[in-house]
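This briefing describes a structure with the sequence and the model side by side. Please keep both in view while reading the points below.

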Amino acid sequence: MRKNYILAYSAVLFTLSSCLDTEPETAIDADNVIADQKSAEVALVGAYSGAQSFAGVSVVAFNSAADNVVASTSTLNVIPHLQAAGSSAFDPTSGGGYNTYYSAINLINSIIDGVNSLNDGAFTGSNKSRILGEAHFLRALAYFDLARTYGRVPIVLHPSTSGHSADGITQSSREEVYAQVLADLTEAESLFDNSLSSPARASIWSAYALHARLALYTEDWQSAATYASKVIESGLFSLTTTPDGFFSNKLSSEAILELVFSTSDRNPFFTYYLSAAEGGRLDYVPNPEFVQILNEPSVAGLRSQFVKVNSNGIYVIREYDRQDGSSSIFLLRLAEQYLIRAEARAHLGDLDGAVEDLNVIRRRAAVEEISTSGLSVDAFLLALETERRVELAFEGHRYSDVIRTGRAAEVFGAYNENYKDSRYWVFPLPNNVILADPDLTQNPGY
Amino acid sequence: MKNGLLYWLATATALFISATASAQGTVSGKVLDAATQQPVIGAVVSVQGSAKGTVADIDGNFSLTVSDKFPFDLRVSYIGYEDEELTVYEPSEGVEIYLSEQKNAMDEIVVVGYAQAVKSSLTSAISQLKPESLKAVASATLGNKLQGAVPGLLISSSSGVPGTSQAIRLRGATSISAANTPIYIIDGTIVNTDVLQSVDIGGQGADPLADINPDDIEKITVLKDASATAAYGAKGANGVILIETKRGATGEPTRLNVKSEWGWSRTSDLWDLVSGPEHATVVNQAWLNDGGSYETRPFRPVSEAAPGYPAYGNPEDQPTYDRISDVFRTAFQHSYNISLSGGSDKTNFFIGGEYTKQEATLKLQDFERFGFRLNLDHQVAKKVKIGTSNIVSFTDRSLVRTGDGPSGFFQAALHTPTFYPVFKEDGSYNKPVAFDNHQAMLDHYDAKAKGLRLNNSVYLKLDLAKGLTFKSSLGNDHSTYHELFYYDSFLISGQPNGSATDATTTKNIFSAEQLFNFLHTFGEKHTTSAFLGTAFHKNRSESVNVNGKGYPSDQLRRITSSATQTGSTSGSTSAVLSFFGGINYSFDNRYSIDFTARADGSSRVGKNKRWGFFPALGGSWNISNESFFSKNDVISNLRLKTSIGLSGNDNIGDFASLSLWSGGRNYNGQAGIAPSRLGNPDLTWETTRQWNIGVQFNLIKERLDVELNYYDKYTTDLLLAETVPGKTGFSSVTTNSGEVSNKGLEFILQSQNVKSRRFSWNSTLSLSHNKNVVEKLPVDVTGGYQMFKLFEGKPLYSMWVYEYLGVDPQTGDAIYRDVNQDGKITVDDKVVVGDAWPNVEGSLRNVLSFGNLSLDFTFYFKQGNEIFNYTRMFLESGGTRGVTRSMQSSTLNYWKNPGDTGVLPRPKSKANADGSFNYEGQSSRVVEDASFLRLRNVTLAYALPRRAVHRLHADKASLYFTVSNVFLVSKYSGPDPEVNLEGESPNGLVQGMDFGTPPQPRTALIGLNITF
């Protein structure tokens, strides 16, 4: 009898010890996650979610580093970012978003390696190459923004399985990173077909448009003009009637690639750019000097619509003002392609073509067209710089435009002495990033 | 029997008649020692509830003539004897009163957790608290009542809001990223101590222990050293707090106890803000010092406004609005406790009910609790006993976000510049800066949380043989916290068309324990006790969180009426299986030795490290029982004790060891997944090695009771998020890599200063000191705020800032210590200037009784701790925050002319030549000494005289008056040096930060306690 009790009791204990194996309910084990087309597709959706994160950081960081946007919480004005390295000032960018990029890159690398390791038979139709195309494109986008933020960054092309997976990978030069971007874009272009299902997802057209932008940064003027032309002449995109059309409506006719958000997948931008009364925190406002430019009809024309006076009499940015968080991030749009081609053509000696491209944008903004007569290339490039500043006001272009054209000492130096030293024409790597990675060295001067 | 309710029902009338019929008379007799039958010379014989009394003569005889009406109670007492009480119904002679010698407290059999032992053989460091010591504090929650009562138990209030969680640290903090809270065991059941709240309300958490009615508590035992905590194995590293609730006594008549309290609280000495014109002047000065032009200065005639350069009017025209006094109130609190207890010879019971409501002095916050308790024990057969303990408790909170964040209520009132009107000209709420409008919040805020707590256990106890028992118990602790937040469109959180959150979080802890206990004395001198047991615990947590946006009307506030809905849910399970045992052997009441061990298997730990073993060894020596120790009147009961052992901390997250991908990474309406964690299959629990050495003795005929303990804790395998290179796509992997030490001293002195017939005075002085050091830190760990960072060799909660040296009298700019002397002020120049740990924490409690009156007051103090005064950092900003934040008056004392000293830097937000900022936020300028001495509470109680009590047909009645936080002595510049932003966040690295937390109020409370 007593023996039976002991047996029964042991049985109970044995049963209980099996309770020590518990399974997570909101996550899955990392081994072989990408096993078929369906899992590859959901991972790819995750990669777009990653792109939402890094593109968000990139726009905010570049905007706040340049002279179009200033922090509203102090009388301290332009370019607080570089001064603020290590200070307690509010900085949603975590120093430029380094880790945000690599978290997306690791996911993209998992997709590329995972999909490549699967048989073609696991996919229907051309889905395998489309998935790979989108993945390569997103990786190109991430490395492109990393290179223009920090200059030199490590290139990691395979997924991490431990904290030491990428040990020994040091920073590549900006040129090498741009070469990797080009390689990924070229790969993407070869994988995509010519269709455009929705500008909310990457297509061959996004690859061409980013290719044109990359060529501008690498001063490959011929490629810049060629790839911009492919997009402009595709007939798939058209300028909206007014300059604010690209953000007044979601996925406008001008959108080549637009990261969309919704009320359940919210873009936090409205909290940065709207006042408390509208549910935001108003971390950033347009630079008062830039507001004067936007309000100058001969320069900005209809683009004064990009800002508005809020109920407290303060100028705020309109572009991301959907209070429900559904404002998009405008990664690639047609107006920029015109401006890219204008700049490339000017450098290639085709001033007429350049002026025509510029005037396409000016016409829409109801600003007087410029004429070629007596116009030097340098004067044109200055006019183009202002045009880009105004047209692409809050999309994060201004900082790298002024840096890449070598004008930062002159333009930003007026606000911050540091910019007179070209070593400061890249962001510093965030301190915690350097401490975490013995393979990294800080950018010179910091 | 004479006092019982039944008796009262049956004999009230008779008693009345007899009481009125009696005349005065004499009572005489003899006081004898119960054991020796010898007279007790000098025994005090007194009439209860009056000043009348006498002293027994050399033969033990006494005679007392009283005018009191019969019947009355006599109390007979003498040092070294138990008090004896008896009721005298008529004049009588030859009454013999036997006093029995006070039992040496050391010979009691005590039950500590699983173990039972003769008290004199205990080797461990424990503290026991009786409910009397909890009574004096005017609070509805246990945490407040424990504060300062136990040496080594440091409880930091987070704010003056009732029902808010607190940081509780026993003998320091052993962990960096796992929890530091001790485990709580109520009537043998482990209870949840996790904050179940899911809506962030700015540094406030809902205290999970606020569900417990402190009035139900009979005894609290705090287990501190390894010998005591090893039996709790992987849960014991942060200490164990055992709570026993009240039970009925077998064979006692039924008693009815009614207790009511009413109290009022006020918060005073708040911030002194600048006037509108002062604000404007400072901002204009900052603008000019920054190189801004006079023409574009912010405060200039409105007519001069230009795009991007708003004009706010001339400084002298600025109005001043007071918002702070709008948000505070005189808060009311009241509570009612009613309980019935008693028992027959086989069954005893305790039934209690409670209602408590406590308003916070900060408007919009209330705490309300309905509690019910049933404890029952029944002797089924001679050797079989069963019993049950049950709590049902409902809490109801009104909430408002207070601290951090733009939608903070308290922030809105404190930080909105005073020159802004509350309303716009059109009558709408003015929200000129990042904060919400405090009046809009007062008018429209609607946030509630309802908690349900069910704590139930049953046990079966068998007497197997002499000294051998078996106890099987099952327990379940269930908590649910349901939050309902609705923000209408008048609030910034409700933009644009209303927004609501409905969240329910549930946590359930099931435990099953089987325990054998053995206690036996062999011959005269050998006493052995032992226990052996097994336990199984299963934790289950669930959460459902739904949000709605876009509401058609403020009448429709539930999620179902919203235009768009989002939601998330989660669930998680963990389980622990344990085997434990212990043996104590004591020889001749002189030497004793203890061995305890526990083996735990946990689902949370990596598969490779699933089982852990936690042993402890302890010993004690009763020196005063040695033959060489001659009995004397100076020192007695001298004991030495020591212990060493291991305990663990398994609060490491349920799945910390696995590599995972998670969902929710959605895009464009499609579901996506992404890697969420890098795994570590070798992950194990944190282990604390602790040794303790203590000495206990009594002085001057046991008038002083002294205990001193020294401990040394060293925790290894601390869970740390070891940073991995960012290029891997992960920021960290959880590893066991940190080490932390805590060393400290605890001292408690209980003193019977005066014990006479009419007057007694007892004091308890408790002091503790803990030195916390991060011993090994292979990774960089920074708290949520950049001012809190860990360094090897420095304690947790260190404040890491630029060291402010003052103002250059010539330029008016701030000077910071250039630590690396490179001519620039950079991150490398930040240093640790202080930490949140006090050097000494302590309390001094005095209880004075004079006849029917008693006075109980407690001083509480901390010395040597620092606070990072983030609130002052914002308020003392020298105009550098422009028109976005208010300023406090002290900011006006800035540098104006060369040669000015003892002033703040000149208002300027641009960088100085060395890269520093005059109003740098992370500056030692706002790190303040937060030492304080506080008269925490004073209670004056009056026990109604027996006659009056009898007239009420009651047995006992008392009336008391308590004032809490009577006064405060502190150099701290804010209103309350005890505020603490983080409260209890499990992996909080931030303690000692004052940021938008309402101060603790002063409370006056009146109470009535009647037993029938």
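In chain B, 50% of the 1012 residues are buried, a residue being buried if 20 or more other C-beta atoms, placed from the backbone, lie within 10 Å of its own. The model is predicted: local features need pLDDT of at least 70 and side-chain atom pairs count only at pLDDT 80 or more, whereas totals for chains, interfaces and linings use all residues. Residues are numbered from 1 along each chain as its sequence is written, and chains are lettered from A and ligands numbered from 1 in the order in which they are written.

**Overall form of chain B**

- Chain B contains ten helices and 47 strands; these are DSSP runs numbered from the N terminus, with helices (H or I) of at least four residues and strands (E) of at least two.
- The radius of gyration of chain B, taken over C-alpha atoms, is 32 Å, close to the 31 Å from the globule rule for 1012 residues, so chain B is as compact as a globular protein of that length. The globule rule is 2.2 Å times the number of residues to the power 0.38.
- Along the principal axes, the C-alpha atoms of chain B fill a box of roughly 105 × 70 × 65 Å.
- Of the contacts in chain B with a separation of 6 or more, 69% join residues 24 or more positions apart; a contact requires C-beta atoms, placed from the backbone, within 7 Å.

**Strand pairing around β40(B)**

- Strand β40 (residues 840–850) of chain B pairs with strand β35 (residues 759–776) of chain B in the antiparallel sense over ten bridges, where pairing requires at least two DSSP bridges. B:T764 stands opposite B:R845 of β40(B).
- β40(B) also pairs in the antiparallel sense with strand β41 (residues 853–863) of chain B, over eleven bridges. Here B:L844 stands opposite B:F859 of β41(B).
- The hairpin of β40(B) and β41(B) has two residues between the strands, and B:G851 takes a positive phi near 60°.

**Helix packing in chain A**

- The axes of helix α4 (residues 98–117) and helix α5 (residues 127–150) of chain A come within 9 Å and cross at roughly 155°. That makes α4(A) roughly antiparallel to α5(A), a term for angles over 145 degrees between N-to-C directions.
- Residues making the contact include A:I108 and A:I112 of α4(A) and A:L132 and A:R139 of α5(A).

**Interface between the chains**

- In chain B, 79 residues are in contact with 76 residues of chain A.
- β26(B) supplies the largest share of the side of chain B that touches chain A, nine residues.

Definitions and conventions. Buried ≥ 20, exposed ≤ 12 C-beta atoms within 10 Å, placed from the backbone. Contact = placed C-beta atoms within 7 Å. Axes fitted to C-alpha atoms, helices over the stretch in contact; angles between N-to-C directions. Parallel < 35°, antiparallel > 145°, perpendicular 65-115°, else oblique.
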